[in-house]
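Subject: Handover of a structure and its findings

Dear colleague,

Please find below the structure that I am handing over to you. My findings follow it, and I would be grateful if you read them with the structure open.

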Amino acid sequence: MRFEFYHSGLDDIPKLSVDGTVSNSIHFSHWKGNETPPEVKADTSTEIILNLVASPNRNELTQGIELVTNNHFDTDGVLSIWTALAGDQALELRDKLIPAAEAGDFCEFSNETGVRASIVIQGSDQPAPADESGSPLACYLAGEKVDDDPRAYELVLPEVERVLTHTDDYEHLWRAPWRRIAAAIESFEHGASRVTEFADAGLSLVTLAPEVFSPAGFDPTRHTAPYTAISRYAKGSLFLIATPLKSGWAYRIDYPYYSWAETVVRPRIKRHDFSQFLAELNQLESGKQGVWRLDNNEMTSAIKFLSSDGTLAASTLAPDKVVGSFQTALMSTRQGAQASLPA
């Protein structure tokens, strides 16, 4: 197998599209719209390639094609490409590859080493404002900022096995982001941050403590929500994330992070029609600091309470009011769906 980062010059060449989906290729990907062979499907692209490598039908599935490609850089992409290139050698690292891929693509905490390895490769799920963009490992190896995906692959792929098996050697790259994740997890463990499940509505109310990141506090208008910690505790099909802000609450509503992908084990998440819910929230809102709006600027975001400049604003509504409004809207939607069924 050989890897070449995707470019238009590959359009007419048969290839294996590993993570992502590109034209004129055999897909081994969990991206929506993929045509991955059913016998190797899995939740992450890395696990799909592990299944491919272990399959007795490997040659038939790949049709003898040796060229593998990808069109973006992230942990799951890197690990799935590395697995394709390493072949049988990668099978010995299955228990390290999959947790790192889950941490990178789904912001899930399978184990500490997996989260730390993903940070080294692609960076934290919750970057602080001062964090450099790009792959921490690629930037370290190059001695400069690397924002070129093909170059990042060139630098990182030779290091993958060492990152997975000697993760502590890269502590200088994962230490600061890991501390923020650990602080968020500790906040949940000690009850400062909480999750309340509303199983009938499939809703997790996630209340984040302001001090979740550091003594300086968590500013929801500047910091990304700590998804790795949230996904460890929240089990719903929709997350209402609330953080005290000024005299009110900062709100964002997100689908579980894995929901952007086509999954096999993790349940498929239905997208909601939020029109009635939004109308009721904006009617209940007594302040003038912002507006409840649909928001899909991020892969799994659904709704935010936003100020005119697009940052999270302080809502006057208490979390129980928002939950109640959602339950009412959901019940109305379900009743309407039942009424529309033929007698």
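Before the first finding, one definition is needed: a helix axis here is a line fitted to C-alpha atoms over the stretch in contact, and the angle between two axes runs from 0 to 180 degrees between N-to-C directions. In general, two packed helices are described by the angle between their axes and the distance between the axes. Please also bear in mind that this is a predicted model.

Helix 3 and helix 5

Helix 3 covers residues 75-86 and helix 5 covers residues 94-106; they pack at an angle of about 150°, and their axes are 7 Å apart. Angles over 145 degrees count as roughly antiparallel, so helix 3 is roughly antiparallel to helix 5. On the side of helix 3, the contact is formed by Thr75, Asp76, Leu79, Trp82 and Thr83, which meet Leu97, Ala100, Ala101, Gly104 and Asp105 of helix 5. By type, the residues of this contact are five nonpolar, three polar and two charged.

Helix 1 and helix 3

Helix 3 also packs with helix 1, at an angle of about 10° and with the axes 8 Å apart. Angles under 35 degrees count as roughly parallel, so helix 1 is roughly parallel to helix 3. From helix 1, the residues Ser45, Thr46, Ile49, Leu50 and Val53 meet Asp76, Leu79, Ser80, Thr83 and Ala84 in helix 3. The residues of this contact divide into five nonpolar, four polar and one charged.

Val53 in helix 1

Is Val53 buried or exposed? Val53 belongs to helix 1, which spans residues 45-54. Its relative accessibility is 5%, and Val53 therefore counts as buried, the cut-off for buried being under 20%. Leaving aside residues up to four places away in sequence, Val53 touches Arg58, Thr83, Gly87, Asp88 and Leu91. Val40 lies 13 residues from Val53 in sequence, and the two are 9.5 Å apart in space, C-alpha to C-alpha.

Two residues with positive phi

Most residues other than glycine have a negative phi. Which values are found at Asn24 and Gln63? The phi of Asn24 is near 50°, a positive value in a residue other than glycine. Asn24 sits in the loop between strand 2 (15-18) and strand 3 (25-28), and with 40% relative accessibility it counts as partly exposed. Gln63 is not a glycine either, yet its phi is positive, at about 55°. Its place is the loop between helix 2 (58-62) and strand 4 (67-69). Gln63 has a relative accessible area of 61% and is therefore exposed, since exposed means over 50%.

The chain as a whole

The protein chain has 13 helices and 10 strands. Its C-alpha trace spans about 60 × 60 × 35 Å along the principal axes. A compact globule of 343 residues would have a radius of gyration near 20 Å, and the 22 Å of the protein chain agrees with this. Of the 343 residues, 52% count as buried. The accessible surface comes to about 15,900 Å², and 49% of it belongs to carbon and sulfur atoms. Among contacts between residues at least 6 apart in sequence, 60% join residues at least 24 apart.

Yours sincerely

How values were computed:
Residues numbered from 1 in each chain as written. Predicted model: local features only at pLDDT ≥ 70, side-chain atom pairs only at ≥ 80, totals over all residues. Heavy atoms only, no water. Helix = DSSP H or I, 4+ residues; strand = E, 2+ residues; numbered from the N terminus. Parallel < 35°, antiparallel > 145°, perpendicular 65-115°, else oblique. Contact = heavy atoms within 4.5 Å. Nonpolar A, V, L, I, M, F, W, Y, C, P; charged D, E, K, R; others polar. Rg over C-alpha atoms; globule rule 2.2 N^0.38 Å. Buried < 20%, exposed > 50% of the residue type's maximum accessible area, 1.4 Å probe, protein only. Areas by Shrake-Rupley, 256 points an atom, 1.4 Å probe, with all protein chains shown as cover.
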